[in-house]
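Please examine the structure shown below, and then follow the explanation one element at a time.

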Amino acid sequence: MSTAAVEIAPLAEAGEPAPVLLTVEEAARCLRIGRTTCFALIRTGELESLTIGGLRRVPADAPAAYLALLRAEQSAA
């Protein structure tokens, strides 16, 4: 299974390509965590994010990368 296993396809409308950037709320939904927890992960640098204008966005592959890092940390412990 690839790191792209986090499902973002439902976030796209029918017939539209999958999003490249997610809102923090969409990223939280992908990870099945709360918005506040998602912002905490962003603040600590565990979850990659970008600021575009005044908007905070999460690259679509960042939730999968975070999960891969989390799995690696837990398997090393």
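Helix H1 spans residues 24-31, and six of its eight residues are buried, so the helix is largely enclosed by the rest of the structure. Here, buried means under 20% relative accessible area, exposed means over 50%, and partly exposed lies in between, with a 1.4 Å probe and protein chains only. Helices (H or I, at least four residues) and strands (E, at least two) are DSSP runs, numbered from the N terminus. This is a predicted model, in which local features need pLDDT of at least 70, side-chain atom pairs count only at pLDDT 80 or more, and totals for chains, interfaces and linings use all residues. Residues are numbered from 1 along each chain as its sequence is written, and side-chain values use heavy atoms, with hydrogens and water left out.

The buried residues of H1 are Val24, Glu26, Ala27, Ala28, Cys30 and Leu31. Their cover includes strand S1 (21-23), helix H2 (35-44), strand S3 (55-59) and helix H3 (62-76). After H1 comes Arg32, which has a positive phi, near 60 degrees.

Strands S1 and S3 also belong to an open sheet of three strands, in the order S1-S3-S2 with antiparallel pairing. S1 and strand S2 (50-52) stand at the edges, each with a single partner strand, so one side of each has no neighbour in the sheet. Two strands pair if DSSP finds at least two bridges between them; S1 and S3 are joined by three. Within this pairing, Thr23 has Arg57 of S3 as its bridge partner.

Val20 lies in the segment before S1. Val20 is exposed, with a relative accessible area of 65%. Leaving aside neighbours within four places in sequence, Val20 is in contact (heavy atoms within 4.5 Å) with Val58, Pro59 and Ala60.
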